[in-house]
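Q: Please take me through this model slowly, setting each term against its definition before you draw a conclusion.

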Amino acid sequence: MATGKSDKGQIPRLSVRDQTLEALRRRIISLELPPGEPLSENELAQEMGVSRTPVRESLILLREEGLVQVFPQIGSFVSLVDLSRVAEAQFVREAIECASLHDFAADAAGISGLRDILASQRDAEAKGDIEEFFRLDEDFHRELLRLAGHESAWTAVNSAKAHLDRARRLSLIDTRPVSTLIEQHTAVVDALEARNVAEADSSLRLHLRGVFEDVKRIQASSPDLFSDGTARRPVRRNVARLS
C-alpha cells in the first residue's frame, strides 16, 4: 500500500496543484506572464496539460501572494508591480544581506567561489542570456549569505521579493546594463577579499538600491505596469520575454 513516502530516500513528487502553482509563479516572476496580462483558466489548463481545478486553486494562492488580481465580472489578471511591496522587500533584503557581511569569512575558497559565479555571469552576458544571468545573480547573493553563516536567512529574503524580482527583471530588460551589475558584484567581492567590510557594505547597498532608480525610469515610460497598492483594472501590455 502506498504511504505517500518516497522510496530509497527520493524526494516526493509535487502534486499536480503544487506543480501548477510553481509553474505559474515562475512564469509571472519571469515576466513570461507580464503585469496586467489577462488569465484564462481554460487557456492555462490547456497550455499546461492539466484540468481547470489545479489552475483555479493556484490562482487563488497567487492572489493571496499579491501576484494575481481578480475583478468580479471582468476576470483574473497578473497583478501590476506593487511599488509598496517592492520597497518592503528591498528593505528586508538590504537589512539582511548587509548585516550578514559583518560575519563574512573571507577565506580563499569562499572568494574563489564568488569569482567563479562572476565569471559565469560574464559568460551569460556575452551570450545575451538574461534568464541565466538572473539565476546566477540569485546564486551570488545566496552565496554571500552562506559564506557569512546565514544561508537560512535566504528563505526570508526570497519569500518577500516576488514583486521586487519582477521589478529587477524589468530593469534588466529596459534600464541597467548587465555589465554594470557585474561591476557592482565585483566591487563587493574585491572589498571582502581586502577584508574591508565597510566598503563591501557600501558597495552592496549601492547595488541593491539601484532597483529604485530603475523603477522610476521604467515607471516614467510604462506607468501601466505599476500599482501604488490601489486596485484598478490592469491594462494589457506586451513585455519582452526573457530568454
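A: Two strands pair if DSSP finds at least two bridges between them, and a strand is itself a DSSP run of E with at least two residues, while a helix is a run of H or I with at least four, both kinds being numbered from the N terminus. This is a predicted model, in which local features need pLDDT of at least 70 and side-chain atom pairs count only at pLDDT 80 or more, whereas totals for chains, interfaces and linings use all residues. Residues are numbered from 1 along each chain as its sequence is written, and side-chain values use heavy atoms, with hydrogens and water left out.

Q: How many bridges join β1 and β3?
A: β1 and β3 are joined by 2 bridges, again in the antiparallel sense, and since the rule asks for at least two, this also counts as pairing. P38 has F77 of β3 as its bridge partner.

Q: Why are β1 and β2 called edge strands?
A: The three strands form an open sheet in the order β1-β3-β2, with antiparallel pairing. Both β1 (38–39) and β2 pair on one side only, and they are the edge strands.

Q: What is remarked on about the phi of Q73?
A: Q73 has a positive phi of about 65 degrees although it is not a glycine. Most residues other than glycine have a negative phi. Q73 sits in the turn of the hairpin that β2 and β3 form, with 3 residues between the two strands.

Q: Is Q73 buried or exposed, and how do you know?
A: Buried means under 20% relative accessible area, exposed means over 50%, and partly exposed lies in between, using a 1.4 Å probe and protein chains only. Q73 has a relative accessible area of 89%, so it is exposed.

Q: Is L31 buried or exposed, and how do you know?
A: L31 has 0% relative accessibility and therefore counts as buried. L31 lies in the loop between α1 (16–29) and β1, and has a positive phi of about 75 degrees although it is not a glycine.

Q: What makes the link between E41 and R52 a polar contact?
A: A polar contact is a pair of N or O atoms within 3.5 Å; within protein, one must be able to donate a hydrogen and the other to accept it, and residues adjacent in sequence count only if both atoms are side-chain atoms. The side chains of E41 and R52 make such a contact at 3.1 Å, and those of E41 and R56 make another at 3.4 Å. E41 has its place in helix α2 (residues 41–48).

Q: Which residues have the most contacts inside the largest nonpolar core, and what makes it a core?
A: A nonpolar core is a set of buried Ala, Val, Leu, Ile, Met, Phe, Trp, Tyr and Cys residues joined through side-chain atoms within 4.5 Å. The largest one has 18 residues, and those with the most contacts inside it are F104, L114, F140, L144, V189, L192 and L204. The elements that give two or more residues to this core are α5 (108–127), α6 (130–147), α9 (178–193) and α10 (197–221). Apart from it lies another core, of 14 residues, including L39 and V78.

Q: How do you know what span to expect for α10?
A: The expected span is 1.5 Å times one less than the number of residues. With 25 residues, α10 reaches 38 Å from its first C-alpha to its last, close to the 36 Å expected. α10 bends by about 25 degrees at R209, where the bend is the angle between axes fitted to the seven residues ending there and the seven starting there.
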